[in-house]
Amino acid sequence: MTNRFLPLTLALLGASAAYALPAHAEDDRFTIRLGAMSVDTSGEFTAGTTFRGNPYEFSQDFDFGSKETVPRLEGLFKFGDRHRLLFNYWGYDKSKTARLTQDVSFDDTTIPAGSFARAKTKFELASAMYDYAVVETDTVSWGLQIGVEYAKIEGKLRAQAGTANYSDGRSEDGYAPVVGSRLTLSPNEHWRFVVQGQYLDAGWGDFGDYKGDISRANALAEYRFTENVGVFVGYDWFKINAKRSRDNVDIGLDQRFKGPMAGVTFSF
């Protein structure tokens with residue numbers, strides 16, 4: 001994640017040094033960004049167990065086909081020269097129907113090849129963080145973040161062929177502490193550039209018997225038409241790594257969400 005955004009960070013730092021106009025990295029007391037993200041998702045499902053002393057492992061890459069446009073909300077409340085509260089929400093809900101290429105058995109039910117199966121996944125992420133600006137100048141603000149994050153992932157599967165059918169679903173959610181960092185550059189009164197990254201470990205919070213982590217990074221460029229109204233474009237990236245062990249079986253999900261984002265900004 002760090003390597004992905006290092007060139008952009010260096011470029012923004014160079015841009016801020018090239019401007020001599022007076023500005024403030026974030027003078028607004030309250031800022032809200034409303035937008036949408038075009039999500040491209042991919043993932044890997046893994047499973048493993050040991051039987052009679054021999055290990056057995058399985059892995060399968062999967063995706064949900066076409067991109068999905070989802071809402072995105074981000075807010076900031078500045079209550080001191082170096083103190084900020086940040087919050088954001090992001091949700092993803094996608095279904096995909098596919099034809100089975102071979103017989104699939106679930107318990108005492110067999111769905112023959114040629115049947116249709118429908119899979120659905122839903123993911124929600126919301127966080128509230130305190131941000132302390134270690135560096136706060138007229139054009140540069142660099143902050144360290146700590147807060148709490150809520151995550152929910154839900155999966156459903158339905159397959160049917162004649163009178164034979166199978167359906168199952170799982171939903172898990174929980175809270176955990178999250179840490180992160182933010183860099184804001186304001187070379188003049190119109191432009192703002194923001195780079196952020198956050199990390200959560202499931203072991204820090206309450207996610208039942210699940211282990212793993214959630215990583216997130218995003219970058220945006222914003223243009224203010226006035227002090228109170230602007231537009232922004234950028235890129236957002238998420239990674240979910242979830243694992244669960246039960247009855248001598250290890251099940252893992254490595255899911256990635258990424259894509260461009262755009263929206264409007266309101267400041268007061």
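Q: Which strand is V229 found in?
A: V229 sits in strand β12. Bear in mind that this is a predicted model.

Q: Why is V229 called partly exposed?
A: Its relative accessibility comes out at 36%. Buried means under 20% and exposed means over 50%, so V229 lands in between and counts as partly exposed.

Q: Which residues form the nonpolar patch on the surface?
A: L34, F225, V229, V231, V264, F266 and F268 form it, with about 600 Å² of accessible area together. The elements giving two or more residues to the patch are β12 (229-246) and β13 (249-267).

Q: What is F266 in contact with, leaving aside neighbours within four places in sequence?
A: That would be F30, T31, I32, L34, N228 and V229. As for F30, it lies 236 residues from F266 in sequence, yet the two are 8.4 Å apart in space, C-alpha to C-alpha.

Q: Why is the pair W191 and F193 called stacked?
A: The ring centres are 5.9 Å apart, and pairing asks for centres within 6.5 Å. The planes are at 5 degrees, while stacked means under 30 degrees, so the pair is stacked. By this rule the count comes to 14 aromatic pairs.

Q: Are W191 and F193 buried or partly exposed, and what are their values?
A: F193 has a relative accessible area of 18%; the cut-off for buried is under 20%, so F193 is buried. W191 has 34%, which falls between 20% and 50%, so W191 is partly exposed.

Q: Which residues touch the most other members of the largest nonpolar core?
A: Of its 22 residues, those are M37, V39, W90, Y92, F123 and F257. Among the elements that each supply at least two residues of this core are β1 (30-51), β4 (83-99) and β7 (116-136).

Q: What does V39 touch, not counting residues up to four places away in sequence?
A: V39 touches K67, E68, V70, W90, Y92, F257 and K258. Of these, W90, Y92 and F257 belong to one aromatic cluster, along with F123 and F238.

Key. Residues numbered from 1 in each chain as written. Predicted model: local features only at pLDDT ≥ 70, side-chain atom pairs only at ≥ 80, totals over all residues. Heavy atoms only, no water. Patch = residues over 30% accessible without salt bridge, like charges linked within 9 Å, V, L, I, M, F, W, Y side chains within 5 Å. Areas by Shrake-Rupley, 256 points an atom, 1.4 Å probe, with all protein chains shown as cover. Salt bridge = Lys/Arg side-chain N within 4 Å of Asp/Glu carboxyl O. Helix = DSSP H or I, 4+ residues; strand = E, 2+ residues; numbered from the N terminus. Buried < 20%, exposed > 50% of the residue type's maximum accessible area, 1.4 Å probe, protein only. Core = buried A, V, L, I, M, F, W, Y, C linked by side-chain atoms within 4.5 Å. Contact = heavy atoms within 4.5 Å. Phe/Tyr/Trp six-rings, centres within 6.5 Å; stacked < 30°, edge-to-face > 60°.
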